[in-house]
Amino acid sequence: MTAALEVRDLRVRFDTDTGPLDAVRGVSFSIAKGELLALVGESGSGKSVTALSIPQLLPPVRVSHPGGSIRVGGDEMIGASESVLRGVRGGRVGMIFQEPMTSLNPLQTIERQIGETLRLHQGLSGRALRDRVVELLDLVRLDAPRERLDSYPHQLSGGQRQRVMIAIAVANDPDLLIADEPTTALDVTIQAQILELVRDLRTRLGMAVLLITHDLTIVRRIADRVCVMHNGEIVEEGETAALFADPQHSYTRHLLASEPAGRPPARDPGAPMVIEASDVAVHFPIRKGILRRQVGAIKAVDGVSIAIRKGQTVGVVGESGSGKSTLGLALLRLRDSRGRIAFLGRPLNDLPPRDIHALRRQMQIVFQDPYSSLSPRMTVRQIVSEGLDIHGIGRPGDERRARVAELLHEVRLDPAMMDRYPHEFSGGQRQRISIARVLALKPDFVVLDEPTSALDLSIQAQIVELLRELQARHGLSYMFISHDLRVVRALCDEVIVMRKGTVVEQGSAAAIFEDAQHPYTRALIGASFDIVPSPPPNGDGRGATA
Amino acid sequence: MSETPPNAGTGADDAGGARAATARGIGASWLRKPANAIGFGLFALVVAAGLLAPLIAPYDPGFIAIRDRLEPPSLTGGHLLGTDHLGRDIFSRMLYGARVSVIVGASVVVLSSLIGIAIGLFGGYSRRFGNFLMRIIDGVMAFPEIVFALALIAALGSSLTNVIIALTFVYVPRVARVVHACTLALRNQEFVLAAEALGGGTLRVAVRHILPNTLGPVVVQGTFIFAYAVISEASLTFLGVGLPPGTASWGVILAEGRNYLLDAPWITTFPGLAIFLLVLNLNILGDGLRDLLDPRSRKLL
């Protein structure tokens, strides 16, 4: 029997203005019918390029294959005619992409989009078409499929959209399903459900699955076999269990070792209280009509209490839209809120703007996206020294310059790079610049708003390490916002689990991780670690989240 | 950097800072594109012609020689582009006309940009008055440009200064709206929030973080406004309300030449062609600048 997919010595070359760039350099692997192979690597490793080459979806003008062969069920794809390829795409090979928001056409109904591929490949129409669409929606376990036929993508949640994408991908009973980071954009509990669905469909439809991912937890949970990619080459290949138990290649070992590890510093109940907030609420008014009358409010944060002591970290965990970032901004007085907030014993609620301005030196924030949190038109030196300029710390010129150099050194960047612009740095380096900007003011309290979730795994571990080290050296107090419980476990003494603006569970990290009370917390933990998830409450959750 | 060797691996994605292109290098590679080189070159030529008009013009633009009236263009006859109904040298008048066009265009661009940026930033920042102000701007924009300028000049009287003032009024809303839209988008960017978290005041955030990021679109808009201003000035003058008839401007030459369209087509052909070419290459220039001014697209060049 031929393999569902056979890739031999695949090479992919991009023609760039600076000369040819070999993104994939001699990759070979095969997937048997019904097998689930994971292609793992960090960004830039060539894994997505490899996946897109299979149905020949890379832009033909700038891309060439200097060598290699791709056989889908025995038929060669490289050099195949466009009409053959059209039959393969969406027919024998189905694809799911990372971003369910943009992979669906916002102006067409679900029925039309699933129906399109059926019309093209199977010539179905009318009643047969509609029945098949319903059958597919049922297959991907979208609840109430008949009522959803006329829905538009924006009426579905992220998880539901990804289910629709999967329905399109499997509509023509493909031999091979390519899933390119199918769950990266989704919340963890929904991630688990989607992965479960992929695994289940693989068994039911007997198709081979090529899963592209950077997330080792996902790999460990569902893959039969793993190929590790690095710099355009497969450096190691093996059965999942064997590879995780005994990695041979140094890069694989490095990747496995970079899962966030370590434990937070011991709790010190005697440490002074840095920030103490009770019953914080942030409501955004909903206004309607010409007179902008307030007709209701979105309760982004509702009645949350939080207390952080010196040198300690409180983790705030929840899915997107749960209000965790808004809570962070409210504590820093960057968002108006109700409820009492005290910083170093001083109530912040009714402080005049001038006093708030002075307090900014002591309370800081690091954002999630290292690409939008640095001004693209300022040099690193200007960015890092801005806080010094604002608060008039040090003499302008040489003294501030020396301080910037010192800060860059502290976050392990080369001070010689201080006159460059942010776009010349990688994601991890940019996040270090953000941290240096915050350290410049020697703050007591820092809100870390998902500082690692946009980064590759091994970079994540380095940033976590850096944060831990800075905390120990400067006695910083962190509020660590994250949806990644593994990082939270490595950094936090105390955990607050939020959902829809309210706290569902709150307590010491040990207690939460060992003995979670609330079913939602248990679902989150199950989704993050290697525990088979219990069904979380309320399925996908209705409506789009922020 | 001792603990971060793997960082170098991901650094390869976005060059990790290895390619620090100099401003000169960027400019040179930008000019290598033919469209950019033509757009920039022709514009520079018009500006130079206007500035150097007194030096290179063979005749005084107002010098009347009735005996030489309506002479056709010739390379040898002393009048390169011919003469008009009063025997004035068209080539010299064209050079001085370029001067008027450049003065009007540049003044209108600078003034409307300054005012438009101020209004746009304020509109994007002030919750209370911002929306109100921008609706007024939208209202102004609803007037047809020429009609609005005509009305203003009718009130102010016709002179070069008043043409500039009137056209500035007309084009402020364009800049204001662009800046306003940019400001609203930038205000929610994390780097702006980060500046606020550092303690930066409203003025500082607006000027240091928001303003520089709106300049790209404003410069592009500016080249288009330059082009519109040149056309509008010529149109107003053609209609007899712009510059006084005596001045040498492309609009005046067109207006005076229209009576001789059949006998001496060269009088109207050359200023018409000049306006057409200047406006066309300003548009090309604007497109090129748009590519140049986005620092994120520089890498693609």
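The paragraphs below go through strand pairing, nonpolar cores, a surface patch and salt bridges in a predicted model. Local features need pLDDT of at least 70 and side-chain atom pairs pLDDT 80 or more, while totals for chains, interfaces and linings use all residues; side-chain values use heavy atoms, with hydrogens and water left out. Residues are numbered from 1 along each chain as its sequence is written, and chains are lettered from A in the order in which they are written.

In chain A, strand 1 (residues 5–16) runs antiparallel to strand 2 (residues 19–31), with 10 bridges joining them. Strands are DSSP runs of E with at least two residues, helices runs of H or I with at least four, numbered from the N terminus; two strands pair if DSSP finds at least two bridges between them. Thr16(A) stands opposite Gly19(A) of strand 2. Strand 1 of chain A is also joined to strand 5 (residues 69–72), by 4 antiparallel bridges, and there Val7(A) faces Ile70(A).

The largest nonpolar core has 62 residues, and Val108(B), Leu167(B) and Trp250(B) have the most contacts inside it. Such a core is a set of buried Ala, Val, Leu, Ile, Met, Phe, Trp, Tyr and Cys residues joined through side-chain atoms within 4.5 Å. Buried means under 20% relative accessible area, exposed over 50%, and partly exposed in between (1.4 Å probe, protein chains only). Helix 9 (202–238) of chain B is among the contributing elements and gives the most, with 13 residues. Apart from this core lies another, of 52 residues, including Met418(A) and Ile463(A).

On the surface, Phe284(A), Ile286(A), Val295(A) and Ile298(A) form a nonpolar patch with about 330 Å² of accessible area together. Patches take residues with over 30% relative accessible area and no salt bridge, joining like charges within 9 Å and nonpolar side chains (Val, Leu, Ile, Met, Phe, Trp, Tyr) within 5 Å. Areas come from the Shrake-Rupley method with a 1.4 Å probe, and for residues only the protein chains shown count as cover.

Over all chains there are 41 salt bridges, each a side-chain nitrogen of Lys or Arg within 4 Å of a carboxyl oxygen of Asp or Glu. One of them pairs Arg88(B) with Glu256(B), the closest N and O atoms being 2.8 Å apart. Arg88(B) lies in the loop between helix 3 and helix 4 and Glu256(B) in helix 10 of chain B, so the pair ties together parts 168 residues apart in sequence. Arg88(B) is buried at 6% relative accessibility, whereas Glu256(B) is partly exposed at 22%.
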